[in-house]
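Here's a quick briefing to read with the model open beside you. We'll go through charged pairs, the nonpolar core and the aromatic rings.

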Amino acid sequence: MDTLNHYRQIIEKILSDYASIPYAYGDIETETVFDRDRDHYLLMNVGWDSRRVHGALVHLDIRDGKVWVQRDGTERGIAYDLEDAGIPKSQIVLGFHEPAVRPYTGFAVA
């Protein structure tokens, strides 16, 4: 299996596992959005909890063979889940950090 498809499978499994965890309160669903053609992957919260809830909990992209974490609303950090599943730190970019900070994260710069 080529690396790109392997990364896609890892991302989809991790996000699907997160989506299977029921929300603790409110009428909120967690949905996955996978765009394999453009390599965009989202974990969305949608519903109501005394107000409208709608937004990305996690946003991942694959760019130039690396996994970019654009948004991470998980407690532990989705990058650690990606690493535990077999994606090397050198292939994970914490895109939510400004470029000047990335060299100090222990993950890829870009």
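Which residue forms a salt bridge with Lys-13? It's Asp-17, with the closest N and O atoms 2.8 Å apart. Keep in mind that this is a predicted model. That pair is one part of a set of 6 salt bridges in the structure, and the rest of the briefing starts from there.

**Salt bridges**

- Lys-13 and Asp-17 sit 4 residues apart in helix H1, which is about one turn of the helix. Asp-17 counts as partly exposed, at 38% relative accessibility.
- Arg-8 pairs up with Asp-39, and here the closest N and O atoms are 2.8 Å apart. This one links distant parts of the chain, since Arg-8 is in helix H1 while Asp-39 is in the loop between strand S1 (27-35) and S2, 31 residues apart. Both Arg-8 and Asp-39 are buried.
- Glu-12 and Arg-36 also meet through their side chains in a salt bridge, at 2.8 Å from N to O. Glu-12 belongs to helix H1 and Arg-36 to the loop between S1 and S2, so this pair ties together parts that are 24 residues apart in sequence.
- Is Glu-12 buried or partly exposed? Its relative accessibility is 17%, so Glu-12 counts as buried, because the cut-off for buried is under 20%. Arg-36 is partly exposed, with a relative accessible area of 33%.

**A buried arginine without a salt bridge**

- Arg-102, in the segment after S5, is buried yet has no salt bridge. The nearest side chain of opposite charge is Glu-98, and it's 9.0 Å away.
- Not counting residues up to four places away in sequence, Arg-102 touches a list of residues including Trp-68, Val-93, Leu-94, Phe-107 and Val-109.

**The nonpolar core**

- The largest nonpolar core has 19 residues, and the ones with the most contacts inside it are Ile-11, Leu-15, Leu-60, Leu-82 and Ile-92.
- H1 gives the most, with 5 residues.
- Leaving aside neighbours within four places in sequence, Leu-60 is in contact with Ile-11, Leu-15 and Leu-82, among others. Its contacts also include Asp-39, the salt-bridge partner of Arg-8.

**Aromatic pairs**

- The count comes to 3 aromatic pairs.
- Phe-34 and Tyr-41 have ring centres 6.0 Å apart and planes at 50 degrees, so the pair is tilted. Phe-34 is partly exposed, with a relative accessible area of 32%, whereas Tyr-41 is buried at 0%.
- Tyr-80 and Phe-107 make an edge-to-face pair, with 5.8 Å from centre to centre and 70 degrees between the planes. Tyr-80 is in helix H2 and Phe-107 in the segment after S5, so this pair ties together parts that are 27 residues apart in sequence.
- Tyr-80 counts as partly exposed at 37% relative accessibility, while Phe-107 counts as buried at 8%. Phe-107 is also one of the residues that Arg-102 touches.

Technical notes. Residues are numbered from 1 along each chain as its sequence is written. This is a predicted model: local features need pLDDT of at least 70, side-chain atom pairs count only at pLDDT 80 or more; totals for chains, interfaces and linings use all residues. Side-chain values use heavy atoms; hydrogens and water are left out. A nonpolar core is a set of buried Ala, Val, Leu, Ile, Met, Phe, Trp, Tyr and Cys residues joined through side-chain atoms within 4.5 Å. Buried means under 20% relative accessible area, exposed over 50%, partly exposed in between (1.4 Å probe, protein chains only). Helices (H or I, at least four residues) and strands (E, at least two) are DSSP runs, numbered from the N terminus. Contact means heavy atoms within 4.5 Å. Lys and Arg count as positive and Asp and Glu as negative; His and the chain ends are not counted. A salt bridge is a side-chain nitrogen of Lys or Arg within 4 Å of a carboxyl oxygen of Asp or Glu. Rings of Phe, Tyr and Trp (its six-membered ring) pair if their centres lie within 6.5 Å; planes under 30 degrees apart count as stacked, over 60 as edge-to-face and the rest as tilted.
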